[in-house]
Amino acid sequence: MIRKLLLAATLLASAPAALAQHVAITGARVVTNTTQGVIENGTVVINNGRIVSVGTGAAPSGATVVDAKGKWVTPGLFAAFSRVGLAEIPSEDPANDISAGGSKFQAALHAADSFNPDDTAIDVSRIEGFTRAAIVGAPSGGLFGGYAAIVDFSGAFNSIDTREAFMLAELGEGGAAAAGGSRAAAWHWLLTAIDDAKAYPRGFEDDGEGDLLIRKEAVALKPVVEGRVPLMVEVHRAADILQLLTLRQREPRIKLIILGATEGWRVAEQIAAASVPVIVNPLANLPDRFEILAATLENAGRLSAAGVTVAFADPGNASHNTRLIQQLAGNAVANGMPWEDAFKAITSVPAAMYGRADLGVLRTSATADVVIWDGDPLELMSSPDAVYIDGVGMPMVSRQTKLRDRYMQVNEEKPQAYERQ
Amino acid sequence: MKPMATRVAYPRDPYPSTYRPLPAEDVFIRNATVFDGLGGMIERGAVLIQGGKISAIGSEAAMTMPAGIKAIDAAGKWVTPGIIDIHSHLGAYPSPGIEAHQDGNEVSGPVTAEVWVEHSIWPHDPGFTRAMAGGITAMQVLPGSANLFGGRGVIIKNVPARTAQGMKFPGAPYTLKMACGENPKRVYGYGGGRFPGGAPFSRMGNVAGYRDAWQKATEYKRKWDKYEADFDAWERKAKSAAPVGGEKGEDPKDPPSAPDRNLELDTLMGVLDGDILVQQHCYRADEMAQIIDLSKEFGYKISAFHHGVEAYKIADMLGTNGICGALWADWWGFKAEAYDGIRENIPLVHKAQNGCAIVHSDDAYGIQRLNQEAAKALADGNKAGLSISKAEAWTWLSRNPAKALGILDKTGTLEPGKNADVVIWSGDPFSSYTRADLVFVDGAVTWDRANVDSQPVVDFELGQPGEGDVK
């Protein structure tokens, strides 16, 4: 028992979150995502969880110097759309909190209340350079998927930054199915929900219900209809996108974000004119559904060239392989998007989309989420050497690296189970 | 005199390949970085394609360009064998993935060895052309993994055709899809009564199901072997002995009668005869070890374990038993049996004694960039200290799948005499930024990134938004 307690105390003492670090990373190619652009042989100084300076100066005295000559230093990657921490094993219901079809609440649900900072996919994502993510549940039993949270990938108990980053809803084929069978039904559902929320508490006095929503759901949507929290709508077909954009006139206060936009390139100018940012999967190029017949690998680049604000994610691969967002960005470059824009699409753009101008950039006073890479971060063969979250160096270990280390040799005298990793 | 009775025999290839190579011209690809597919790399290399075959490969300085031949200057480019995806469902689960297109799994029972996936293939699946753009020259299309025995797989060339027969790889063997673990027990035992069959409910039920089927196949084969032997004997006797006239219905004069045909057991017997190659979906290491013993119990060979998320735990056993691991670079965690996935799985299987690692997709998106999947696995393996070259890693994409599919004598490497299944890449194929520029199957260009006339558009896409766009 005493040994156990001692061990626990040791672990606690060495927990990274306890350490405030003063670090100067020197000699690297620094991608700032600011007007400073890319700095060769740059120095990034971190102290007390913040970036102190970004430039070419010498390391200040008192800072621990990390020599990153020949390396790349970038802001930590920010997953624009993720489900890390919501499902340890998606196929096992008790280990899956992504959706709640059996609940009478949908819009009122907060992913933050399901988030598990001990989820093994957190370490797995972090050691590939991801420091933060917007995580959200999935719609089930209606159009709304509830509130997304912004979390960091430190694995600490206090790793939830924001409980209400955006509200998720779906239209298109998925929305039609959820609303009773047609796009018309889904659109009417969305507008009625908005009207209910706007009117609340008017109209709810008698039976506690609006035309569509129960009281708590209307309350939950209030910040959305008042424009305090963005509404992210998944939609793919060009015509569906245009219909969604009509909401800008009807509801000018609502801050829209489009998720999917697989046919977005066909209406790129309209999206740009409406100033609505999009989250796309640059690899979605199959006519997998009738709503994405015009899918092309050039969607991301064309949207970006038209002036649309573009971030990347693959909602279909959002829990265990959120880390593949890096590969999405590299392929966007291969298909015509400038490198700088593709990199911002997985760092500063999603951060800013959710009102976090302190993330995804390396500039004085920004939050010190920093990654040191052994090469171009959009190259598949590059990987992080070090990851800092809030200025603290993170362990570069996951359950996967432990399994790897255990089985590097298989023909040993004693069974693997006796090996401590 | 009575006519000689004929032996009962069924056609072994009743749905034969009608594949014909596309029009091709001889080409000399020069000034390239060449991966030969055997693990070697040639700087300033050249590949000579004549008559649809590789006729020479080597350092350009040591080769002579035939007079009058078309030359392709591949400066700054890489040349490799075409990628072979050993695990695809294209055509059987085509795009769009509507209900009417769900033709990949005959879920009517846990043992459906009688179905042949080629009978489900829709040649107009847009996924085929997307895979072309990714340098895929051949693939194995498999039935899904609901069943213990899912049915026969088929090896096809990635060329546009009007029929599945028009894509079938001439001379390639048939394969058999089998599946371990969670899928069969979930679909049958816990299928909520939607499917007939009941069993299996458990992994031990899975194994009992395999054993029961293999035992039946063993007995079926015994009957056919006996019939063949009896017929041989009867034939010898009938030929040598003077014909006996007059009497009827006497044993010595009548040929032995053939066993009843059973289409399910035909396929399993083909495995026991060594003609059909087993492709076994299996995630967990302990289960793969059980399946290896199963194969020994009934005397057949497993060609490859597919998915094998835990293959790294038994990489030595796979090598010892000559079984390839057809694996993902980094898929993991979506179900319990995929929970222990690691990014070094492929390189660890590669590094084992006699190791045979394969990068596979099982996915209409993944098949479009298997080179990138190899790159990720290679980087992680090397970061863990395994020191594998890019040229060696290319064996995961062409030679090893060709070997596990029984077509290595025809394709999979750039060796003289083999089919000219070749890709010219815009740069290092292990880079995110590289694309396939030119893809050759049997020396004919199936895909040319610079020429829309060599970018096929399938029927489904005609008249639709996005027709002929960059895919």
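User: Leaving aside neighbours within four places in sequence, which residues is A:N321 in contact with?

Analyst: In this predicted model, A:N321 is in contact with B:D330 and B:W331. A:N321 sits in the loop between β13 (310-312) and α10 of chain A.

User: What makes A:N321 buried or exposed?

Analyst: The count of C-beta atoms decides. A residue is buried if 20 or more other C-beta atoms lie within 10 Å of its own. A:N321 has 24 within 10 Å, so A:N321 is buried.

User: How far is A:N321 from A:M394, in sequence and in space?

Analyst: They are 73 residues apart in sequence. From C-alpha to C-alpha, A:N321 and A:M394 are 20 Å apart.

User: Where is A:G330, and which residues does A:G330 touch beyond four places in sequence?

Analyst: A:G330 is in helix α10 of chain A. In chain A, A:G330 touches A:L378, A:E379 and A:L380. In chain B, A:G330 touches B:S432 and B:Y433.

User: Why does A:G330 count as buried?

Analyst: The cut-off is 20 or more other C-beta atoms within 10 Å. A:G330 has 26, so A:G330 is buried.

User: How many residues of chain A and chain B are in contact?

Analyst: 37 residues of chain A are in contact with 43 residues of chain B. On the side of chain A, α10 (325-334) and α13 (399-407) each give two or more residues. Of the elements there, α10(A) gives the most, with 5 residues. By class, that side of chain A divides into 19 nonpolar, 11 polar and 7 charged residues.

User: Why are α3(B) and α5(B) called roughly parallel?

Analyst: Look at the angle. Helix α3 (residues 203-240) and helix α5 (residues 285-298) of chain B pack at about 20°. Angles under 35 degrees count as roughly parallel. The two helices are therefore roughly parallel to each other. Their axes are 11 Å apart.

User: Which residues make the contact of α3(B) with α5(B)?

Analyst: From α3(B) come B:R203, B:V207, B:Y210, B:R211, B:W214 and B:T218. From α5(B) come B:E287, B:Q290, B:L294 and B:F298. The classes are 5 nonpolar, 2 polar and 3 charged residues. The crossing of α3(B) past α5(B) is right-handed.

User: Which residues of helix α2 of chain B are buried, and what covers them?

Analyst: In α2 (residues 182-189) of chain B, the buried residues are B:N183, B:P184, B:K185, B:V187 and B:Y188. Their cover includes β9 (175-179) and α3 of chain B.

User: How is chain A divided into domains?

Analyst: Domain 1 covers 1-75 + 361-421, and domain 2 covers 77-359. Their C-alpha centres lie 29 Å apart. The contact takes 25 residues from domain 1 and 26 residues from domain 2. On the domain 1 side, β14 (370-373), β15 (384-389) and α13 of chain A each supply at least two residues. β15(A) gives the most to that side, with 3 residues. The residues of the domain 1 side divide into 16 nonpolar, 5 polar and 4 charged.

User: Where are the peptide bonds from A:Y200 to A:P201 and from B:S95 to B:P96, and what is omega for each?

Analyst: The bond joining A:Y200 and A:P201 is cis, with omega about 5°. A:P201 lies in the loop between α4 (183-199) and α5 (215-225) of chain A. The bond from B:S95 to B:P96 is also cis, with omega near -5°. B:P96 lies in the loop between β6 (83-88) and α1 (126-133) of chain B.

User: Which is buried and which is exposed, A:N33 or B:S387?

Analyst: Set each count against its cut-off. Buried needs 20 or more other C-beta atoms within 10 Å, and exposed means 12 or fewer. A:N33 has 22, so A:N33 is buried. B:S387 has 10, so B:S387 counts as exposed. Phi is positive at A:N33, about 65°, although A:N33 is not a glycine. Phi is also positive at B:S387, about 40°, and B:S387 is not a glycine either. A:N33 is in the loop between β1 (22-31) and β2 (38-47) of chain A. B:S387 is in the loop between α8 (370-383) and α9 (390-393) of chain B.

Methods. Residues numbered from 1 in each chain as written. Chains lettered and ligands numbered in written order. Predicted model: local features only at pLDDT ≥ 70, side-chain atom pairs only at ≥ 80, totals over all residues. Axes fitted to C-alpha atoms, helices over the stretch in contact; angles between N-to-C directions. Parallel < 35°, antiparallel > 145°, perpendicular 65-115°, else oblique. Left-handed = near helix turned anticlockwise from the far one by under 90°. Contact = placed C-beta atoms within 7 Å. Nonpolar A, V, L, I, M, F, W, Y, C, P; charged D, E, K, R; others polar. Domains from an automatic or database assignment.
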